Amino acid sequence: MDTNKKTFKRRTMLYIPGNNPAMLQQGSVYGADGVLLDLEDAVALNQKDAARILVSHMLRYISYEGCEVTVRVNHIDTPFGMDDLKAIVPLQPDAIRLPKVETVDEIRRIIQMVEEIEDEHELPHDKMKIHVMIETALGVQNVYDIASFSARIDAISIGGQDLAADMQLVKANDGIGIDYARKQIVMAAKACKIDVFDTVYVDVENEEGLREEAEYIKKLGFTGKAIINPRQIEIVNEVFTPTEQEIRKAAKIVKAFERNKKEGIGVFAVDGKMVDAPVVQRALRVLEMADIDVAEI
Amino acid sequence: MKNILQREIPETLEGIGELEPFQGAFTKLRKGWMEEKKVPPPNKATMPHSSKMCSNLKEAIIRTKPRNGMTVSFHHHLRGGDNILVESIRILAELGIKDITLASSSLTSAHEPILPYIKNGTITQIYSSGIRGEIGKAVAQGVMPKPFVIHSHGGRVRSVHTGNIKIDLTVIAASAADVEGNSTGAHGPSAFGSMGYAVIDARYARQVVVVTDNIVDYPCVPQAVTQNFVDYVVKVDSIGDPSKIAGGTTRITKAPMDLQIARLAAQVIEHSGLLKEGFSFQVGAGGASLAVAKYIRKIMKNKDIKGSFLLGGVTSYGVDMLNEGLFKSIFDVQSFDAAVSSSLLTNPYHIEITAGLYANPFNCGCMTNKLDIVVLGALEIDTDFNVNVITGSEGYVRGASGGHSDTASGANLTVVVCPSFRGRIPIVKEKVHTIVTPGESIDVLVTERGICVNPNRPELKENLIKGGIAIKEIKDLAAEVEQITGKAKPIENGERIVGIVEYRDGTIIDVIRQVK
């Protein structure tokens, strides 16, 4: 077993512009499960070099204790993509996030480049994970093939803003236009048994709207959501954290399952409702999300 | 000589006299009977049906017979909108009065226009709970011949009672008053709320002038200051900038860092064992401190907990909690926003109290002694939990002692909330520049990078750990901060003592030396 592998909850991933030193150094203190140090869209063209240098230093010197650290690099076909990979891959953050991936050929090419850099630095190929962003109609069409291309890909994510632009949507804030894409991307992730992040919610003042959207995407099956302001973290974490009532119910189901298993009973009832293997599986997931060890219930 | 916190305190100081070193928060009070004599309020008489009304502030001040070397007092209930302090000093200067001791319960940015009068010898000494801005810079540079004295809100009352501050003239701004001087801050176009600090000055000053922009029919109701203490009454067009005096409600901060610290502080309070039915509570009006109330409100609603009383500086947020039934009453010495005034006026469970009842250590029990939980800020905190709320990173005076040490000493749980560093400057450090509140009064420090419990509260630490809260040693937190910010160079001070910091019992907890 690889003891270097770290596991994180992935309810919230906070975007931090790579050229903002104050935000970079404070990124881990707000309670997000992960931080996403951004070299791409949050950084102006004339700041790309500065951001790359700053993020490289931060990865060396700042402890993001308890947070999963992902760096979003620029697309490989931009003038910055290759330099980003050369600077970031040797530092092996927990993951790198690749934007606007559209085809299998593209992901093949990028992973090859990443692994060449890792070979140059005598680094393993299985430590740093790869996250893929689907942000175009073509990417949505190819999402399963992309997501299943490599075992290194352990999460995919929908980039709602770019996708809406690619789809030429005029009004995108109600999420109707990208609803199909959301569902398609979730299904691909589930088929590959990997995590899936929802896009950002841009109206930072609208806390109720954020909560509604988080509840909706949780029902769709998303693992968590990208966050653009620390004030959004608490709401999304709350939505993705089981309530006390949910935990009690899940614990009851799991206990009943253990009891019945000994007697060879596979299907039984809890509080008048049928429980079978998939229900137990969902209950186990609730306990996992609540950090409750099954052995201790 | 050194006080118990190892701060070097001179035995005597020119302009002050003998200094008594700080020996611990309760060493002196524990005796129960204070050696300091209490000075009597002045005996005065007024003929029936004579008028106290003056046509303007200057006339009133002239009638009080001002003299060189006098002490003039003011309150800071008008917050950043006050015009009366500056106007009074300008009049005194115009009358050629010199060597004034200015005793204002606090000084805000609105008072900066008095700076020329500090520089030209009109004002030669200041007693205040807080000094900020350009005045704070100037006094730290040693512009006054006599040392300034920083006291707590409770300490100020003690000083007035013992005659350390001997007020010759107090000028009291009110938002409504009658011709006899019965006055209030609870209504009128410039309503500002409680007059808790002014009431004490009215009782002890040799001459009392009430100034208002709103004369009401006799008798003014309610009455914070009553006519039996008032010599003169003045109607002016304006007591200050209404948008700053009576400006709306205090909003909870949206700054992510403050909110994060507040969220952690609320978790600490939740698991401290003190957040239970009937608890009493005080928070400051600033950033993270007030934001704690937001999270406590949520916890109280979820767990169906009802508190007893809210104390201190009161915001509309506290009033909302009273109206929701989360607390039974508010005891209000100072209101932080205009929305509080109408509650003070109409709700019998929102009670105006004097600074004496609030925090004076020399009486049979002030209300800060009945506090369960208080949340306070800090400019700096050291690894012995000593807190500085008065001097900034350059050594200038830029804060207020306020009720910090009063509430910290009285509360069962004192929580300090602050970021671990600001900009490049460490806030949690080995030694603070100036001590205002001793570490023995601080129970928990909450920062974004860790929560530290004072070693003298092991049972609290245990409760928090049981509640799943990670605790750091404060020395480890300071080291972690230093690793990020580097070690700040100590402030270069001269030898001259330009100010002293009185603890609430009148002993000297620290001195402030001239900034080079």
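Begin with both chains shown together: chain B and chain A bury about 1,200 Å² between them, 46% of it given by carbon and sulfur atoms, where buried area is the accessible area (1.4 Å probe) that two parts lose on being put together, summed over both. Select B:K254, B:P256 and B:R449 next, because these three supply 34% of the area that chain B buries against chain A, more than any other three residues. Before going further, note that this is a predicted model, in which local features need pLDDT of at least 70 and side-chain atom pairs count only at pLDDT 80 or more, while totals for chains, interfaces and linings use all residues. Residues are numbered from 1 along each chain as its sequence is written, chains are lettered from A and ligands numbered from 1 in the order in which they are written, and side-chain values use heavy atoms, with hydrogens and water left out.

Stay at the interface and select by contact (heavy atoms within 4.5 Å): 14 residues of chain B then meet 12 residues of chain A. Six residue pairs, both members at pLDDT 80 or more, are in polar contact across this interface; a polar contact is a pair of N or O atoms within 3.5 Å, and within protein one must be able to donate a hydrogen and the other to accept it, residues adjacent in sequence counting only if both atoms are side-chain atoms. On chain B, colour α8 (256–271) and α9 (287–303), each of which supplies at least two residues of the side that touches chain A; helices (H or I, at least four residues) and strands (E, at least two) are DSSP runs, numbered from the N terminus. The largest share of that side, five residues, comes from α8(B).

Now turn to the charged pairs, where a salt bridge is a side-chain nitrogen of Lys or Arg within 4 Å of a carboxyl oxygen of Asp or Glu. Four salt bridges are counted between chain B and chain A, and one to select is A:E234 with B:K298, whose closest N and O atoms are 4.0 Å apart. Over all chains the count comes to 62.

Which side chain meets B:K254 in a salt bridge? Select A:E205, which pairs with B:K254 at 2.5 Å, N to O. A:E205 lies in the loop between β7 (195–198) and α9 (207–220) of chain A, and B:K254 in the loop between α7 (242–245) and α8 of chain B, so the pair joins two chains. With buried meaning under 20% relative accessible area, exposed over 50% and partly exposed in between (1.4 Å probe, protein chains only), A:E205 counts as partly exposed at 47%, and B:K254 is partly exposed at 49%.

Within chain B, select B:K52 and B:E180, which form a salt bridge with the closest N and O atoms 3.4 Å apart. B:K52 lies in the loop between β2 (17–18) and β3 (53–54) and B:E180 in the loop between β10 (176–177) and β11 (183–184), so this pair ties together parts that are 128 residues apart in sequence. Both B:K52 and B:E180 are buried.

Finish on the largest nonpolar core, which has 119 residues; such a core is a set of buried Ala, Val, Leu, Ile, Met, Phe, Trp, Tyr and Cys residues joined through side-chain atoms within 4.5 Å. Among those with the most contacts inside the core are B:I114, B:I126 and B:F148.
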